Amino acid sequence: MHFRSLALIVFVLLSFRIFGQSPLLKKYQSTAQKAFQEQNAYNTVAYVEKRWRLAGNTGFNESIYYVENILKKAGYVNETEAKPTDMLTYRIEKRPMNRQTWEPIDAKVEIVGESEPLLEFKTNRNMLAINSGTTPPEGIEAEVVYIDSKDKQTLEKADLNGKILFVEQGIGLVHRTAAGRGAVGAFGYSIPAYTQPQKFANSIQFSGIQIVKGFQSSFGILLSTRAKDRLKAALAKGPVRVKVKTETKLYPSEELTLVADIKGNKAAKERFVFSAHVQEPGANDNATGVGTLAEMARVAAEMYKKGSYKPERSLTFLWGDEIVSTRRYVTEDTIRAKGIQWGMSLDMVGEDTQKTGGTFLIEKMPDPSAVWTRGEEKHSEWGGKPLPENAIKPHYFNDFVLNRCLDQAKTNGWVVKTNPYEGGSDHTPFLQAGLPGLLMWHFTDVFYHTDADRLENVSAWEMKNVGISALVSAMTLTSTDESTALVLVKELQEAATKRLDIETKLSLEAIQKGNAKASEAHILEVWGSYYENALGKMENLQASGTSDKVRNAIGLAQKAVKDKTEASVKGL
């Protein structure tokens, strides 16, 4: 047999295995693979990450307009100029803010008598706490008062008037104490262990302070581990005075949200919604989400114009203020909300895992693993806790998206993992509204929220993997035909079988260790019920209504899962 013929057979078999006999999935995967230009996504990250972004400030707005230009070049038309026949549209929503926005310009802290600055904004862009004020041009010189965070009695009695309070606590708490006692400012130090502060001793996690009436010009300075150690060493020798210069802007503004749509040709009011937040100053968090989603929108438009993507439902892309913009999109228009079928957040999607230490994760909708976290299921270091059983939200979305990521992983060895629900990003408003919502992200990231979260720690390859997987997921769900729906039903049934096998093994081990058989049987029954109900949700796969074949397939799959569950429980 010729090598070329053998290679062709291997490719066909691989395609059969990866795409589960679905021509639609195969087409979307291969077309998106060719169309997605990771350098485009990376270039957007390079632009956005230079800007210190909070809703309403210059960097945030410039980032929104940068993405707008990408959309315009891709063929999206501003809704104010769009004709009824325009299927690719966008809008920028503008709303007055009920608070002032803030942006840092410059800062420097020097220990009086020492030549090397303790901190400088040019090397530590997170040193200024959000909402810090501006000092006089010549700066402020003041004595530093260090108090142990556990010594509440000394803190209560200390004379802070005209001084700078330094406590190894979050800057918000330190500044509230300082401002209420006449201090000119505050120094704080608080950084989680997963950022490896002894190794990355110059890192500072951004944080903020409240604007205190009468103390608008006061400041909060966040210290790096190195700066903290150096300042404490100086204090150990005697009284220390520092000179602090800060320059910031605090001003009224409006909040921008960018929304782009590809309108469905059958059920346009039903939609898949992507969200990527713009605010936060980092590269991975979340310039990568912004850049990846922008390239996904470009690719989707290109495929639509070429006729390789024919959505029956609409596809929506949203860029804005984290949780705020997504929650508003989900809740402010009740008619629109009824049409949202799926939501996905892209947040921290470009980590170079060799540098950041993290791994790609799909944070799942609450399934039984969020109640009983065991085996290979693990919460991230971001933090999670067991949920009550009534928090479980049965749906096929978890396994469907995981399988699309695994499809992509089979082409290049990309590492794909999941974590139980934890919250904290743009997937939460969907879930709070009773809608399916997932998060694509990376963790642990040793540079999370620190000023070391810069472009050199971003992987264009990683963004491409996430972007293709997310886009194929959305395009499939917005244009599912009968044959694809049948494949997806079978795929979910297989996922249920695999999960029940895993959980049965874990329950048998738990019983051997003394756990009650009834408790373990209950866990298996909940998993079985979860998948039966998730299969039932697949009746929304086809925009034109569930066909008899698909409905019958769902019923057979549910019965198979029920039988498997009963057999698993009986086998304990």
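Predicted model: local features only at pLDDT ≥ 70, side-chain atom pairs only at ≥ 80, totals over all residues.
Helix α7 spans residues 225–235, and its buried residues are T225, A227, K228, L231, A234 and L235. An α-helix has 3.6 residues a turn, so residues three or four places apart point the same way.

Helix α2 (residues 23–35) packs with helix α14 (residues 460–477) at an angle of about 145°, and the two axes are 10 Å apart. The crossing of α2 and α14 is right-handed. On the α2 side the contact is made by L25, Y28, Q29, A32 and Q33, and on the α14 side by K464, I468, V472, M475 and T476. Classified by residue type, this contact has six nonpolar, three polar and one charged residues.

Four cavities of 30 Å³ or more were found in a search of the whole structure. The volume of the largest cavity is about 50 Å³. Residues N126, F206, P281, G282, D285, H449, T450, D451, D453 and R454 line the largest cavity. By class, this lining has two nonpolar, four polar and four charged residues.

Backbone geometry was considered next. Most residues other than glycine have a negative phi, and most peptide bonds are trans. The peptide bond from D285, one of the residues lining the largest cavity, to N286 is cis, with omega near 0°. N286 lies in the loop between β11 (267–277) and α8 (287–306). A cis peptide bond is also present from F443 to T444, with omega near -5°. T444 is placed in the loop between β16 (437–443) and α14, the helix that packs with α2.

N131, although not a glycine, has a phi of about 80°, and its place is in the loop between β4 and β5. With a relative accessibility of 21%, N131 counts as partly exposed. I323, likewise not a glycine, has a positive phi of about 65° and lies in the loop between β12 (313–320) and α9 (324–331). The relative accessibility of I323 is 19%, so I323 counts as buried.

Key: Residues numbered from 1 in each chain as written. Heavy atoms only, no water. 1 Å grid on protein atoms, 1.4 Å probe; cavity = no way out; pocket = protein on both sides within 12 Å on 5 of 7 lines; lining within 4 Å. Points joined across faces, edges and corners; volume = space filled by probe spheres on them. Nonpolar A, V, L, I, M, F, W, Y, C, P; charged D, E, K, R; others polar. Axes fitted to C-alpha atoms, helices over the stretch in contact; angles between N-to-C directions. Helix = DSSP H or I, 4+ residues; strand = E, 2+ residues; numbered from the N terminus. Left-handed = near helix turned anticlockwise from the far one by under 90°. Contact = heavy atoms within 4.5 Å. Buried < 20%, exposed > 50% of the residue type's maximum accessible area, 1.4 Å probe, protein only.
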